[in-house]
Amino acid sequence: MDIPDRFDPARIDDVSWPAFSFITETTFVGESEPHRHQKAQLLYVISGVLTMRAAGGVWTVPPNCALWIPGGTAHSGRVCGHVRIGNLYVDAKLTGGLQDECGILFVQPFLRELIFRLEPRPDSPDIAPERLNRLVGVLLDELRVAPLEPIHLPMPADRRLQRLTEAMIAEPGLRFTIDEWGARVGASNRTLSRLFQRETGMSFLRWRQQLHIGVALQRLAAGQLVTVIAGDLGYESVSAFIAMFRRMLGTTPTRYFSDQMPASQHRLEITADWRTEPGERDGGDVAKGSASNLVPFRREPN
């Protein structure tokens, strides 16, 4: 058995198993160092919320979902509070026909059990090679049919949009309109609107709503009150924030983490209806016991 006892990113590509997993758990606030490996990775969030930077975007992964990371993709993660994660690694030679870009998928019960079964345990015998190959074959079949959902925050390449989006990420409660942002970054409303659509595939308003959803999931996972989150994000009322959250995630903030629906039913109901929330104006929506087997995290100062 050549799988290390502790999670060591430097040794991941040395493991000869076609697929294997580690279940990790931590309570932490911080982020991992950027790293990459040739094996593809599926980051399955069992509980809590994980935010990842990968493939030119920011991905907020809620419970019962997973982020697929193709082999060779640089990525780093952020934890805010308590999380339990299933880290599944798949030999790059076996990923033909699987998604070749990052994406969030919903982990149905059978796929979840396969992830758990492929975790090496010192107190149980190794899986026979023939059985392991059969399990991996079924795993690949499940990954091929797993539904992917575009719930990430794409990051633009244009330097003006980079200044704008990084400022919004740093202060998500900023309520500047697109005209006001244009004056700050040296571009017209029309230019920014065209660039947002071209470089992120979404409008300025939708991008900001996606940002707010990611921030809200992090803070809800850390136990913050909905009223505090709504106020910090600049919403004029809690009801306006809840309406936006419900439209994008199909449930209310207070129920999101307590929902016990099976993963097969736990679908984000993201619609194409991006109408303005009640109370919105000026073209904008009114307004997060550590484990030793994790990628080393940079702890944030108190």
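Helices here are DSSP runs of H or I with at least four residues, strands are DSSP runs of E with at least two, and both are numbered from the N terminus. Just after helix α6, for instance, G223 takes a positive phi of about 90 degrees.

Before going on, a word on the model. It is predicted, so local features need pLDDT of at least 70 and side-chain atom pairs count only at pLDDT 80 or more, while totals for chains, interfaces and linings use all residues. Residues are numbered from 1 along each chain as its sequence is written, and side-chain values use heavy atoms, with hydrogens and water left out.

Now the chain as a whole. The protein chain has nine helices and 10 strands. Of its 302 residues, 52% count as buried; buried means under 20% relative accessible area, exposed means over 50%, and partly exposed is in between, with a 1.4 Å probe and protein chains only. The accessible surface of the protein chain comes to about 14,100 Å², and 49% of that belongs to carbon and sulfur atoms. These areas come from the Shrake-Rupley method with a 1.4 Å probe, and for residues only the protein chains shown count as cover.

Back to α6, residues 204–221. Its 18 residues should span 26 Å at 1.5 Å a residue, and the end C-alpha atoms are 26 Å apart, which agrees. The expected span is 1.5 Å times one less than the number of residues. Of those 18 residues, 16 are buried, so α6 is largely enclosed by the rest of the structure.

Next, helix packing. Two packed helices are described by the angle between their axes and the distance between the axes. The axes are lines fitted to C-alpha atoms, for helices over the stretch in contact, and angles run from 0 to 180 degrees between N-to-C directions.

How do α6 and α8 pack? Helix α8 covers residues 238–249, and the two pack at an angle of about 100 degrees with their axes 11 Å apart. They are therefore roughly perpendicular to each other; that label covers 65 to 115 degrees, with under 35 roughly parallel, over 145 roughly antiparallel and the rest oblique. On the α6 side the contact includes Q209, H212 and L220, and on the α8 side F241, M244 and R247 are among the residues. Contact means heavy atoms within 4.5 Å. By class, this contact of α6 with α8 has nine nonpolar residues, three polar and one charged. Nonpolar here means Ala, Val, Leu, Ile, Met, Phe, Trp, Tyr, Cys and Pro; Asp, Glu, Lys and Arg are charged, and the others, Gly among them, are polar.

A second pair is α3 (residues 159–170) and α5 (residues 189–200), at about 85 degrees with axes 10 Å apart. These two are therefore also roughly perpendicular to each other. R160, L161, L164 and T165 of α3 meet T191, L192, L195, F196 and E199 of α5.

Now some strand residues. T51 is in strand β3, residues 50–54, and is buried at a relative accessible area of 9%. Leaving aside neighbours within four places in sequence, its contacts include W59, R78 and Q218. V79 lies in strand β6, residues 75–90, and is buried at 1%.

Last, two loop residues. Most residues other than glycine have a negative phi. A55, between β3 and β4, has a positive phi of about 50 degrees and is exposed at 55%. N64, between β4 and β5, has a positive phi of about 70 degrees, but is buried at 17%.
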